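Thank you all for coming.

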Amino acid sequence: MNIFEFAKREFEKQYDCKMTVSVNMPEKVGSLTKPKWTAVISDQPCRISQKQVSPVSDGNVAEAIYNTMLYCDPALVIPAGSRISITDTHGKSRDYKRSSEGFSSYNTHQEIVIVREVQA
């Protein structure tokens with residue numbers, strides 16, 4: 001085992017969540033083709049980290065936007081525009097939408113900025 005494999009294994013010990021990645025794929029219904037969200041990666045270990053929280057807006061609808069960093073295996077291919085559902089250690093699941101391409105230049109992990117929008 002080389003140093004990069006060791007470092008990757010140690011980094012993955014920090015993964016405490018599971019993610020499911022869905023992409024918008026065309027589905028043929030009769031003579032029509034309609035988009036449908038289809039899971040392409042399921043129950044993959046990952047870790048999330050809160051990077052920035054914007055204040056609640058004062059418009060007609062209270063809105064809070066959370067920017068979150070997702071850490072996962074660098075070998076995973078997560079296409080732009082995919083939806084990511086993350087279940088934390090407490091069993092709570094949250095849905096995120098992609099806002100950046102994965103940065104996978106590291107040997108141990110890749111980083112993806114994801115956004116969760118909540119309207120009260």
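I will begin with the overall layout, then turn to the core, the surface, the aromatic rings and finally the salt bridges.

Please keep in mind that this is a predicted model, in which local features need a pLDDT of at least 70 and side-chain atom pairs count only at pLDDT 80 or more, while totals for chains, interfaces and linings use all residues. Residues are numbered from 1 along each chain as its sequence is written, and side-chain values use heavy atoms, with hydrogens and water left out.

Let us start with the layout. The secondary structure of the protein chain comes to 1 helix and 6 strands, where helices (H or I, at least four residues) and strands (E, at least two) are DSSP runs numbered from the N terminus. If you read along the sequence, the pattern is α-β-β-β-β-β-β. Of the 120 residues in the chain, 25% are buried; here buried means under 20% relative accessible area, exposed means over 50%, and partly exposed is in between, with a 1.4 Å probe and protein chains only. Among the contacts with a separation of 6 or more, 53% are between residues 24 or more positions apart, a contact being heavy atoms within 4.5 Å.

Now to the inside of the protein. A nonpolar core is a set of buried Ala, Val, Leu, Ile, Met, Phe, Trp, Tyr and Cys residues joined through side-chain atoms within 4.5 Å. Which residues touch the most other members of the largest nonpolar core? In this core of 14 residues, they are M19, L70, I78, I84 and I86. At least two core residues are supplied by each of β1 (17-29), β2 (32-53), β3 (63-72), β4 (83-87) and β6 (110-119), and β1 gives the most, with 3 residues. As general background, nonpolar side chains in soluble globular proteins tend to be buried together.

M1, I3, F4 and F6 make a nonpolar surface patch of about 470 Å². Patches are made of residues with over 30% relative accessible area and no salt bridge, like charges being joined within 9 Å and nonpolar side chains (Val, Leu, Ile, Met, Phe, Trp, Tyr) within 5 Å. M1 itself sits in the segment before α1 (3-12), and M1 is exposed, with a relative accessible area of 65%.

Another exposed residue is D43, at 54% relative accessibility, which is placed in strand β2. D43 has a positive phi of about 50 degrees although it is not a glycine. Most residues other than glycine have a negative phi.

Next come the aromatic rings. Rings of Phe, Tyr and Trp (its six-membered ring) pair if their centres lie within 6.5 Å, and planes under 30 degrees apart count as stacked, over 60 as edge-to-face and the rest as tilted. By this rule there are 3 aromatic pairs. F11 and Y15 are paired edge-to-face, at 6.0 Å centre to centre and with 85 degrees between the planes; F11 is partly exposed at 27%, whereas Y15 is buried at 13%. F103 and Y106 also form an edge-to-face pair, at 5.3 Å and 80 degrees. Ring pairs link F11, Y15 and Y71 into a cluster.

Lastly, the structure holds 5 salt bridges, a salt bridge being a side-chain nitrogen of Lys or Arg within 4 Å of a carboxyl oxygen of Asp or Glu. One of them joins E12 and K8, whose closest N and O atoms are 3.2 Å apart, and both residues lie in helix α1, 4 residues apart, about one turn of the helix. R47 forms a salt bridge with D16, again with 3.2 Å between the closest N and O atoms. Because R47 lies in strand β2 and D16 in the loop between α1 and β1, this pair ties together parts that are 31 residues apart in sequence. E27 and K36 form a further salt bridge, at 3.4 Å, and salt bridges that share partners join K8, E12 and D73 into one network.

Methods:
Accessible areas come from the Shrake-Rupley method with a 1.4 Å probe; for residues, only the protein chains shown count as cover.
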